[in-house]
Amino acid sequence: MWWATPLPADDAWLALLTPVERTRFDAYRKAEDRDRFLTGRVLARTVLGRRLGIAPADVELDATCPDCGRPHGKPRVPDSDLELSISHAGDRVGLAVSSGTPVGLDVEATTRNSGDDLLRYVLSDAEYTTVAALPEADRADVFFTYWARKEAVMKATGLGLKIPLKSVTLTPPGQQPAVVGSAHDAVQPASTALVDLQCGPGYAAAVAALTPNGLAVTQHWWQSADFRPLS
Ligand SMILES: CC(C)(COP(=O)(O)OP(=O)(O)OC[C@H]1O[C@@H](n2cnc3c(N)ncnc32)[C@H](O)[C@@H]1OP(=O)(O)O)[C@@H](O)C(=O)NCCC(=O)NCCS
């Protein structure tokens, strides 16, 4: 998997967007959302282009939403066994790639407000009890770790938040991350692997894979100089 910080919207990077993606880019009202979206696509095309041995601009990504047909779903590479997941928060954009195994990536900024309503939305009853019993100073970190792990699992399935986050229960803090209970058919504890990721202070991140075989992750920082397309 690869981490990047948001790229500037200059012409060399914008040239890697398809017309449909350019329409999405233009529709964001906030510059930081535009830049994170652009960076996710640049990351995906440059990394996958290397993997496939083709130019970044030739990497096809299909993000058709199965629910509404709009191009905002989980991206996939047509006619390939490559699986990918993109996540962005604050100053971080991440890309997870695997061959043949569905993956889900999530990064959360831990500086966000984490009020009781949000805890109830994200955590199962067992997890809520665990978090509520912690000293106040530890709660936010543990909560955001749970959140990133859970959303990574939901994103690996391709259903995302159509699966209620609280329908899945994970191991408590201090234990190896794993799914211990699920009220949703798409999430099977025995065939879901989870790994925490480190992308700097102020962020919680995790990657999930739908496999009973465990998960080994290699993390890279993506450097624009290594990938910059000729302009
Ligand atoms: C995807 C989703 C989890 C967003 O998460 P988020 O915390 O806001 O944002 P993240 O940065 O972690 O992830 C966003 C990325 O997830 C990916 N994504 C979109 N839909 C996805 C899905 N169903 N499953 C997995 N990944 C998905 C995209 O790559 C997206 O980034 P991009 O648009 O720049 O390519 C959430 O919007 C979702 O679950 N959407 C699908 C469910 C839904 O509402 N469907 C009906 C839509 S009509």
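Here is a walk through this predicted model, from its sheet to its helices, salt bridges and nonpolar cores. Residues are numbered from 1 along each chain as its sequence is written, and side-chain values use heavy atoms, with hydrogens and water left out. Because the model is predicted, local features need pLDDT of at least 70 and side-chain atom pairs count only at pLDDT 80 or more, while totals for chains, interfaces and linings use all residues.

Let us begin with the sheet. Three strands make up an open, antiparallel sheet in the order S4-S8-S7. Strands here are DSSP runs of E with at least two residues, helices are runs of H or I with at least four, and both are numbered from the N terminus; two strands pair if DSSP finds at least two bridges between them. Strand S4 (103-109) and strand S7 (193-197) each have a single partner strand, so one side of each has no neighbour in the sheet. From one strand to the next, the twist averages 15 degrees. S4 is joined to strand S8 (residues 203-209) by seven bridges, and Gly 104 has Ala 208 as its bridge partner in S8.

Helix H6 (residues 136-157) packs on this sheet and touches S4, S7 and S8, where contact means heavy atoms within 4.5 Å. The direction of H6 makes about 150 degrees with that of S4; such angles run from 0 to 180 degrees between N-to-C directions, with axes fitted to C-alpha atoms, for helices over the stretch in contact.

The largest nonpolar core has 27 residues, and H6 gives the largest share of it, 10 residues. A nonpolar core is a set of buried Ala, Val, Leu, Ile, Met, Phe, Trp, Tyr and Cys residues joined through side-chain atoms within 4.5 Å. Buried means under 20% relative accessible area, exposed over 50%, and partly exposed in between, with a 1.4 Å probe and protein chains only. Among the residues with the most contacts inside this core are Phe 143, Trp 147 and Val 187. Leaving aside neighbours within four places in sequence, Trp 147 is in contact with Asp 106, Glu 108, Arg 112, Leu 118, Val 122 and Leu 165. Another core, of 26 residues, lies apart from the largest one and includes Ala 4, Leu 38, Leu 84 and Ile 86.

Now to helix H3 (residues 31-52). Its 22 residues reach 31 Å from the first C-alpha to the last, close to the 32 Å expected; that expected span is 1.5 Å times one less than the number of residues. After H3 comes Gly 53, with a positive phi near 70 degrees.

Which charged side chains meet? Arg 45 and Glu 21 form a salt bridge, 2.8 Å from N to O. The term stands for a side-chain nitrogen of Lys or Arg within 4 Å of a carboxyl oxygen of Asp or Glu. This pair links distant parts of the chain, with Arg 45 in helix H3 and Glu 21 in helix H2 (residues 19-27), 24 residues apart. Arg 45 counts as buried at 1% relative accessibility, and Glu 21 is buried at 6%. Together with Arg 41, these two residues are linked in a network of salt bridges.

Arg 22 is partly exposed at 33%, as is Asp 26 at 45%. The whole structure holds 10 salt bridges.
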